[in-house]
Amino acid sequence: MAFKHYVHLHFVIFIWGFTAILGLLIHIPVVETVFYRTLIAALALGAWLLFKKKNFHLGQKAIWQIAGTGALIALHWILFFGAARVANASVCLAGMATCSLWTSLLDPLISRRKIQIYEVVLGLMVIVGLYVIFRFEFGYALGLFMAVLSALLASVFTIINSKLCRHHNPYTITFYEMAGACVSVVLFFPFYMAWMSEGQLQLLPALSDWVYLLILALVCTVYAYSASVELMNHVTAFAMTLTNNLEPVYGILLAVAIFGEQEKMTPPFYLGTGIILLSVLAYPVISRYQRRRVVRQEVLP
C-alpha cells in the first residue's frame, strides 16, 4: 500500500469516526435517518454521474448484486445508529472494531484464499478487548451486541465490495448500493410502522437535522464511502477493516470533546479499547514481515 493510499484511508476513517456523533445529533428516529442518508446520497451520486456523463449500465445481474449489497448496508446503518442511541457513541464504535475478526474468518471462505493465522490471532485480540469492555460495562450490553452485529454486516459488504471494484467504477457501485439501501428501507417501512414506530413515520426533520443529514449523506457517505470502495483497488479487505478499527479512537475522542461527561467511560472500557487498537498497530508490522519472508524464500535457492 503506497503512503498516499495509507493517508487517504486514515482520512476516510476519521470522517467515519464522526458518523456515530451525527447519528446522535440528528433527532429523527434511526430508520428515518438511514432513509434520508441513502436517498440524499443516491440522488447526489446520480446527479454527479450524469454531470460526468458516466455510464450507468452494468448489466442486470450486476445491478441486482450491488443493490442487494445495499440492503446489507442499510441494515448495518440501522444497527449502527441504533447502537449509538441505545448505549452511546463510544460503545457503538468499540463494537464496530470487531470487523477485523469477522473479516479474518469470512474473507478466506468467500475469496477462497488460505487462512492467515496471524489475522485470526489479531481478530481474537479484538474479542479479548470486547470481553474486557463487556465484563465491566454490562449496562451497555444491548448496544454492544447491536454494534457487533453491525460490524459483521460491514465485514460482509466490505469483502463483496473488494470484488466489485475490480470490475466497476466505485462511484457507480456506490450509487446502486445507496439506491438499493434506500429502496430496502422503504420496503421495511410497513413492518417498521406496524411493530416498531407506533404506526407513524417521522419524515419531517428540523432545520438542524437537515444540516446534519446533508453532512452525513454527502461527506460521510458519497465522498468517504466511494473513496473507500476505490481504495479497495490498493488494499486488502482485511487491511481495510483492521485499519478501520481506528474509527473508535477518532470517534471516541470527538464524542468526548462534543458530548463531555455522557461519553466518559470506566478505565476497563479504555483498557479493552486499547487491546482492540493494539491489533491495528500490530497488523501492518506482521503483514510486512510476512511479505518479506515470502520474498526471501522465493529468492533463496
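## A tour of the predicted model

Start by selecting V219, which counts as partly exposed because its relative accessibility is 37%. The model is a predicted one. V219 belongs to helix α10, which covers residues 207–231. Now extend the selection to V211, L214, I215 and L218: together with V219 they form a nonpolar patch on the surface. The accessible area of these residues together is about 360 Å².

**The whole chain**

Zoom out and show the chain as a cartoon. What does the secondary structure come to? The count is 13 helices and zero strands. Read from the N terminus on, every element in the run is therefore an α, as the order α-α-α-α-α-α-α-α-α-α-α-α-α shows under the assignment by DSSP runs. Switch to the C-alpha trace, which spans about 70 × 50 × 30 Å along its principal axes. The radius of gyration is 19 Å, and this agrees with the value near 19 Å for a compact globule of 301 residues.

Colour by accessibility next. Buried residues make up 53% of the 301 residues. The accessible surface of the chain comes to about 14600 Å², and carbon and sulfur atoms account for 70% of that surface.

**T19, in α2**

Select T19 in helix α2, residues 19–25. Is T19 buried or exposed? T19 counts as buried because its relative accessibility is 4%, and the cut-off for buried is under 20%. Display the side chain of T19 and the backbone oxygen of W16: the side chain reaches that oxygen at 2.6 Å. Then show the residues that T19 touches, leaving out those up to four places away in sequence: R37, F80, F81, L216, C220 and E247.

**H10, in α1**

Move to H10, which is part of helix α1, residues 3–16. H10 also counts as buried, since its relative accessibility is 12%. Which residues is H10 in contact with, once its neighbours within four places in sequence are left aside? They are T243, L246 and Y250.

**Y192, in α9**

Go on to Y192 in helix α9, residues 170–195. Y192 is buried, with a relative accessible area of 6%. Y192 and V31 are 161 residues apart along the chain, while their C-alpha atoms are separated by 8.3 Å.

Not counting residues up to four places away in sequence, Y192 touches P29, V31, E32, S197 and L201. What joins the side chains of Y192 and E32? A polar contact of 2.9 Å does. Display both side chains to see this pair.

**K53, in a loop**

The last stop is K53. Where does K53 lie? The position is in the loop between α3 (30–51) and α4 (60–86). Check the backbone here: the phi of K53 is positive, about 55 degrees, although K53 is not a glycine. K53 counts as exposed because its relative accessibility is 75%, and the cut-off for exposed is over 50%.

For a final view, keep the selected residues on screen together. T19 is buried at 4%, V219 is partly exposed at 37%, and K53 is exposed at 75% relative accessibility.

Definitions and conventions. Residues are numbered from 1 along each chain as its sequence is written. This is a predicted model: local features need pLDDT of at least 70, side-chain atom pairs count only at pLDDT 80 or more; totals for chains, interfaces and linings use all residues. Side-chain values use heavy atoms; hydrogens and water are left out. Patches are made of residues with over 30% relative accessible area and no salt bridge: like charges are joined within 9 Å, nonpolar side chains (Val, Leu, Ile, Met, Phe, Trp, Tyr) within 5 Å. Accessible areas come from the Shrake-Rupley method with a 1.4 Å probe; for residues, only the protein chains shown count as cover. A salt bridge is a side-chain nitrogen of Lys or Arg within 4 Å of a carboxyl oxygen of Asp or Glu. Helices (H or I, at least four residues) and strands (E, at least two) are DSSP runs, numbered from the N terminus. Buried means under 20% relative accessible area, exposed over 50%, partly exposed in between (1.4 Å probe, protein chains only). The radius of gyration is taken over C-alpha atoms; the globule rule is 2.2 Å times the number of residues to the power 0.38. A polar contact is a pair of N or O atoms within 3.5 Å; within protein, one must be able to donate a hydrogen and the other to accept it, and residues adjacent in sequence count only if both atoms are side-chain atoms. Contact means heavy atoms within 4.5 Å.
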